[in-house]
Amino acid sequence: MTKKKIILALATSMSILALAACSNEPKNTEIATMKGGTITALDFYENARTQQSSQQIVFDLILSDVFVKHYGDEITDKDVEKELKELFGDDLDAALKQSGLTRKEADKLIRDRLAYDKGLRAHVELTDADLKAAWEAFHPEVEAQIISVLSEEDAADMIKKANEKDADFGKLAKENSLHSSKDDNGKVTFSSSTDASVVPAEVKAAAFELKDGEISEAIPVASQYGTTYYVVKMVKTQEKGNDMSKFEKEVKEAATTAKLADQAFINKAIGEELIKANVKVKDEAFATLLTPFIDAANPPKASSDSSEEASKDSEKDSSEEKTDETTDSTSK
């Protein structure tokens with residue numbers, strides 16, 4: 001899911017929570033009335049709290065409070081502004097209006113997400129194995145041009161035209177490509193760690209095999225919306241060589257990104273933050289909401305006790321067997 005979709009999903013949760021918040025008012029607010037009946041904020045809450053979607057909403061609320069409390073002070077207004085522009089573009093007001101968000105709501109959602117990311121990163125401890133794996137998958141930044149089209153036939157046509165004498169790949173991209181780079185003649189710089197929303201993994205893999213000036217075959221990239229076909233021309237490639245220290249910063253970031261995509265790591269980090277914040281769930285409808293995360297950070301004692309007990313039983317059995325053997329030997 002892209003960052004923009006995450007923000008919009010959170011915005012939906014925010015609107016639902018605004019309704020649920022009514023139940024905290026001194027009076028049980030009426031939401032709707034009809035002949036012979038009334039639906040109140042308390043009715044809404046009692047119904048909503050048992051819905052599966054409410055589990056996610058409450059979890060998001062808890063997570064937001066915990067991470068903003070611990071890491072929110074590290075997020076600056078400049079960080080928020082930069083993220084807003086990356087997500088919604090320069091015409092921010094129009095984009096927010098289309099998304100149904102006010103500037104204040106958008107700022108909060110962005111600040112929450114950045115605090116969450118900052119918090120997860122605080123838990124990252126890279127090992128030599130992490131760095132080795134990142135180095136093996138790493139490819140330094142290259143310069144290329146990209147054309148994306150909707151059919152294999154169109155891709156074949158682009159490849160044919162791109163390979164003609166005196167062909168202008170940039171012009172072809174500008175006139176035919178669906179990729180966001182079309183306005184800059186298809187020019188893109190990317191490395192192995194570039195987000196797939198910018199350059200898909202399949203396209204990166206094919207591009208890294210090209211030499212300067214070479215043009216790829218058609219590269220199919222499937223998504224929920226269908227298959228898009230890419231054609232890449234390598235402008236300037238870069239070999240990584242054998243010296244990882246030359247790309248130390250990039251490799252560490254790649255290793256960190258891999259950690260941040262590891263669900264086991266995420267669960268443990270969230271659990272540690274929940275324990276640090278001493279979060280207690282009071283409503284039985286959400287009794288097990290945080291259990292997977294708490295367990296990931298602090299495995300239940302029961303399993304540890306069981307192991308110790310099993311070990312003691314094993315030692316006891318072994319001791320009894322030795323005693324029996326000694327007894328048998330003595331009687332002989």
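Is F208 buried or exposed in this structure? F208 is buried, with a relative accessible area of 18%. That value sits under the 20% cut-off for a buried residue. Keep in mind that everything here comes from a predicted model.

**Around F208**

F208 sits in the loop that links α10 (201-207) to β5 (219-223). Leaving aside residues up to four places away in sequence, F208 touches H139, P140, V142, F190, S191 and S192.

**The overall picture**

Zooming out, the protein has 14 helices and 6 strands. It runs to 332 residues, and 32% of them count as buried. If you take the contacts with a separation of 6 or more, 67% are between residues 24 or more positions apart.

In soluble globular proteins, nonpolar side chains tend to be buried together. The largest nonpolar core here has 32 residues, and the members that touch the most others are F59, F67, L84, F88, L120, I270 and L274. Five helices each supply at least two residues of this core: α3 (52-71), α4 (77-88), α5 (92-99), α6 (103-122) and α12 (263-276).

Not counting residues up to four places away in sequence, I270 touches F59, L63, F67, Y116, L120 and F293. Apart from this core there's another one, made of 15 residues, among them V142, I146, V199 and A207. V142 is also one of the residues that F208 touches.

**Two helix pairs**

How do α3 and α12 pack? Their axes are 10 Å apart, at an angle of about 75 degrees. That angle makes α3 roughly perpendicular to α12. On the α3 side, the contact uses F59, I62, L63, V66, F67, H70 and Y71, which meet I270, E273, L274 and K276 in α12. By class, the residues in this contact split into 8 nonpolar, 1 polar and 2 charged. F59, F67, I270 and L274 turn up here, and those residues are also on the list of core members that touch the most others.

Now for α8 and α9. Helix α8 covers residues 152-162 and helix α9 covers residues 169-176; their axes come within 10 Å and cross at roughly 155 degrees. So α8 is roughly antiparallel to α9. The crossing of this pair is right-handed. The residues involved are M158, K161 and A162 in α8, meeting F169, L172 and N176 in α9. Sorted by class, the contact has 4 nonpolar, 1 polar and 1 charged residues.

Which residue in the loop between α8 and α9 deserves a look? D166 lies in that loop. D166 has a positive phi of about 65 degrees although it is not a glycine. D166 is also exposed, with a relative accessible area of 72%.

N185 is another non-glycine residue with a positive phi, near 60 degrees. You'll find N185 in the loop between α9 and β4 (187-190), where it is partly exposed.

T76 belongs to the loop between α3 and α4. T76 and R111 are 35 residues apart in sequence, yet their C-alpha atoms are 8.6 Å apart in space.

T40, by contrast, is in a strand: β2, residues 37-40. Setting aside residues up to four places away in sequence, T40 touches N28, T29, E30 and I31.

Here are the accessibility values for these residues in one place.

| Residue | Relative accessible area | Class |
|---|---|---|
| T40 | 12% | buried |
| F208 | 18% | buried |
| N185 | 26% | partly exposed |
| T76 | 37% | partly exposed |
| D166 | 72% | exposed |

Why does T76 count as partly exposed? Its relative accessibility is 37%, and the partly exposed class lies between the 20% limit for buried and the 50% limit for exposed. D166, at 72%, is therefore exposed, since exposed means over 50%.

Definitions and conventions. Residues numbered from 1 in each chain as written. Predicted model: local features only at pLDDT ≥ 70, side-chain atom pairs only at ≥ 80, totals over all residues. Heavy atoms only, no water. Axes fitted to C-alpha atoms, helices over the stretch in contact; angles between N-to-C directions. Helix = DSSP H or I, 4+ residues; strand = E, 2+ residues; numbered from the N terminus. Parallel < 35°, antiparallel > 145°, perpendicular 65-115°, else oblique. Left-handed = near helix turned anticlockwise from the far one by under 90°. Contact = heavy atoms within 4.5 Å. Nonpolar A, V, L, I, M, F, W, Y, C, P; charged D, E, K, R; others polar. Core = buried A, V, L, I, M, F, W, Y, C linked by side-chain atoms within 4.5 Å. Buried < 20%, exposed > 50% of the residue type's maximum accessible area, 1.4 Å probe, protein only.
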